[in-house]
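Please work through each task with the coordinates at hand before reading the solution.

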Amino acid sequence: MDITKDKLLEKLEFFSNFKFNKNYNDLTKEEKFVAITDSIMALTSKDWTDQLGKKARQRKAYYFSAEFLIGRSLGNNLLNLGIYDLVNSILEEKGDRIKDIENEEEDAALGNGGLGRLAACFLESAASQGFNLDGYGIRYSEGLFKQFFKDGFQAEEGDDWSSFYNPWSKRIVSDEKIIKFKNQTVKACPYDMPIFGYKNGQINRLRLWQAEAVNEFDFNRFNNFDYDGAVREKNEAEDLTRVLYPNDERREGKLLRIKQQYFFVSASLQDIVSNYKKNFDDKEFKHFHEYVSIQLNDTHPVIGIPELIRILLDEEKISFEDSFNIARKIFNFTNHTILREAMEVWSVDLIDETSPRVLEIIQMIEQRLVEELYNKGFKEEEINFLRIVKDDSIHMANLAIFVSNKVNGVAELHTNILKNETLKDWYGAYPYKFTNKTNGVTQRRWLIYSNMELSDFIDRKLGSNEWREDFSKIKELEKFAEDEPSIREFLEIRKKKKIELTEIIKETTGIDVDPNSIFDVQVKRLHEYKRQLLNALHIVYLYHRLKEDKNFISEKRTFIFGAKAAPAYFRAKAVIKFINEIARVINNDKDIDGKIKVVFLENFRVSLGEKIYPACDFSEQISTAGKEASGTGNMKFMMNGAITIGTYDGANVEIFEKAGEENNIRFGKTVEELMEIKPNYDPYKIYQEDIYIKNALDSLMSGEFKDNESYMFLDIYNSLLKSEGGDRADRYFVLEDFESYRKAQEKISEVYKDEMRFGKMCLLNIANSAYFSSDRTIREYAEEIWKLESHN
Ligand code: OX2
């Protein structure tokens, strides 16, 4: 790919005229963004087309995911194409700043959080390493809602991300597929996005399906004055892909949801099968598995298993036996959570409503399962426990594990919990299927692009930029851990990124923040198990101590939050209100002299994360041990040099292991300890025995913080001290870990005070972050599961 300045200038002018009837210089910023993007698409489209042709007969893996949390693409695509600096200089000549143009791009927020962002990192890493990995998903018209605060409460509005411009995708009408539900037939129309590898010329494809009506408009109805009826079919079809369900780790038992899932996997499988038929002469599909491997991202696409069997059996006339065996070779399954509220279980009725034939095939698979386990010598009750169909419900994880070739968890600890607890019986039956694939994140977006200053520093120190392609070289940074001038230079860069964030904070919240204060950051979805509440209660504790004694802490602290709560998750929204109240009270309290400030940034999203991760001193990874399968934000922070204050959970365990416990702050009970405590756990006792904890909790009820009569704070208070329904009080051990967290927080001040020590710890975290690159993760998937070779 040879993109030169002349070619770019020519295309920029061309698209300005073609799209907007203007000269480039007369475009608005938004139009400039579109003209630049169109130019990139035009200049790369020949290569893309050629590669699609060439790859049609190569082995490929497909990542099936209901979510791809892409964020913005311009900056990252320019970086990967190796033309970021070139475009930057062209824009400068024209009097524009590239960052302003980048800010015009809407985030493509087609995902909730970690699971969707992981999918996006994986596609980028695969392309960068020359692996044939394509993505298949849903093109939601409305991405994840936008969050804003009203009187401290979360409010939501729609995210109409693509209604004006969506220059990164191509609608390929000729590849449409027909999807048949029990009572509805719709079209699936593909939108293709290029995934550019980093400076290697590779282009992979993300294909997102949009639902459309077979007949858009009923002319006869219109003529009979039935205007609604005339467009009913269109609206009902488009409803299918209208919105992303805004739940992270919560199941939604709605017909529309299972129809979304069936819709996109059916379209994707039809696509894969028809391409296979086009390119290979193999009517019996004997070699299909040699060309196709499919990764199921959690249970959301698992209905693809019976759907593939249906296609092979009913449409390609392959026997059930052979179809089933093909499916067993092709599918692999990733589990992302052990939370019971996230495990997908569908009632038989809903599957029947979606596709009666798929339900029949699930029942046939179930029969195979029972036979196979019986032959393995399993007893009846053991078999019953592993059934796919139980109590009129379909257990999607069981279906996935039985048919998949490989099953993986997303961090060492998580996979062990799957093997030994959650999926113990499955592990007993099929031990060879289970494997761990610790998550990773792409250092190109999360370090090289987000933190250009730090990346230049690394280039200078290592005397080369090879680490940008081979991230294992980042380890060489260790050499500078004791070098005072290097640490000073490094700390200066950190300071610059903090100043940049203070500007964003000022602009979006009006709050003045001291860039010399400690930036203590927790950004992630709001969920009880992630324990933003522990962080909040600790801030209240600190505040109470400071009220007694202004000098209680020596270092100024800024606590920064970002988190969206699912719109129907009352308690999560209560925690948002609580933190906003804490911020309001503390930030306005003259008594404490600005010693602590609390900032809750609205609408946390990929593009905001890019500005936050580089500016963080301490990264809060404080989930209840055993509950966070992996976490990936923890890795983004680490790569940028933040110190993790974290529990022994998910990938934190591996972060501590790689970067050293001495360079991070670990606290809290382990999974095993919590299991022991659980039967006799009494949070009320802790509350009574520790006056500071009591005061912090009582602030919820005393009127010190006000919830505007929403009863939200009462709900939080009760959740900690009273058992409700089947749930214990303080299900997530907030009070149990409080004391240990308080000590860990004290350590933060101590560490920060000693600049050289702090800088060294930060630097060592970066130097040991290679393992957390999704390049490493993708290599493991490619070699051990997908059996792909690199085309680099
Ligand atoms: C998340 C997990 O909660 C998180 O720990 C993990 O890092 C991420 O997936 C990527 O593996 N929804 N989101 C997750 O799981 C589910 C279900």
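**Exercise 1. Positive phi angles**

Task: Determine whether Asn708 is buried or exposed, and in which loop Asn708 is placed.

Solution. Step 1: apply the burial criterion, by which a residue is buried if 20 or more other C-beta atoms lie within 10 Å of its own, exposed if 12 or fewer, and partly exposed in between, the C-beta atoms being placed from the backbone. Step 2: Asn708 has 12 C-beta neighbours inside 10 Å and therefore counts as exposed. Step 3: locate Asn708 in the loop between α30 (691-698) and α31 (712-721); helices here are DSSP runs of H or I with at least four residues, strands are runs of E with at least two, and both are numbered from the N terminus. Step 4: the phi of Asn708 is near 50°, a positive value in a residue other than glycine. Most residues other than glycine have a negative phi.

A caution applies to all solutions: the model is predicted, local features need pLDDT of at least 70, side-chain atom pairs count only at pLDDT 80 or more, and totals for chains, interfaces and linings use all residues. Residues are numbered from 1 along each chain as its sequence is written.

Task: Repeat the analysis for Asp593: what is its phi, and is Asp593 buried or exposed?

Solution. Step 1: phi of Asp593 is near 65°, again a positive value in a residue other than glycine. Step 2: Asp593 belongs to the loop between α24 (570-587) and β20 (596-601). Step 3: Asp593 is exposed, because 11 other C-beta atoms lie within 10 Å.

**Exercise 2. A charged residue in a helix**

Task: State whether Asp271 is buried or exposed, and which residues Asp271 touches.

Solution. Step 1: Asp271 lies in helix α10 (residues 255-279). Step 2: its C-beta count within 10 Å is 20, so Asp271 is buried. Step 3: with contact defined as C-beta atoms, placed from the backbone, within 7 Å, Asp271 touches Asp175 and Lys177, not counting residues up to four places away in sequence. Step 4: for Asp271 and Glu236, a sequence separation of 35 residues goes with a C-alpha to C-alpha distance of 23 Å.

**Exercise 3. Strand pairing**

Task: Describe how β12 pairs with β11 and with β16.

Solution. Step 1: two strands pair if DSSP finds at least two bridges between them. Step 2: strand β11 (residues 292-297) is joined to β12 by four bridges and runs parallel to it, with Gln295 opposite Asn332. Step 3: strand β16 (residues 406-409) also pairs with β12 in the parallel sense, over three bridges, and Asn408 of β16 is the bridge partner of Thr334. Step 4: in β12 (residues 331-334), Phe331 and Phe333 point one way, Asn332 and Thr334 the other way, and all are buried.

Task: What is the strand order in the open sheet that contains β13?

Solution. Step 1: the three strands follow the order β13-β15-β14, with antiparallel pairing. Step 2: β13 (345-347) and β14 (389-390) are the edge strands, each pairing on one side only. Step 3: β13 is joined to β15 (residues 393-395) by three bridges, and Trp346 stands opposite Ile394.

**Exercise 4. Domains and ligand**

Solution. Step 1: the domain assignment, automatic or from a database, gives domain 1 (56-72 + 107-439) and domain 2 (495-772). Step 2: their contact takes 38 residues from domain 1 and 31 residues from domain 2. Step 3: the C-alpha centres of the two domains lie 34 Å apart. Step 4: the shell contains 18 residues, of which Gly114, Leu115, His336, Ala629 and Ser630 come nearest; the criterion is a C-beta atom, placed from the backbone, within 6 Å of the molecule.

**Exercise 5. Overall dimensions**

Task: What radius of gyration does the protein have, and what would a compact globule have?

Solution. Step 1: the globule rule is 2.2 Å times the number of residues to the power 0.38, and the radius is taken over C-alpha atoms. Step 2: for 792 residues the rule gives a value near 28 Å, and the protein has 27 Å, which agrees. Step 3: the C-alpha atoms fill a box of roughly 80 × 70 × 65 Å along the principal axes. Step 4: buried residues make up 50% of the 792 residues.

Methods:
Two residues are in contact if their C-beta atoms, placed from the backbone, lie within 7 Å.
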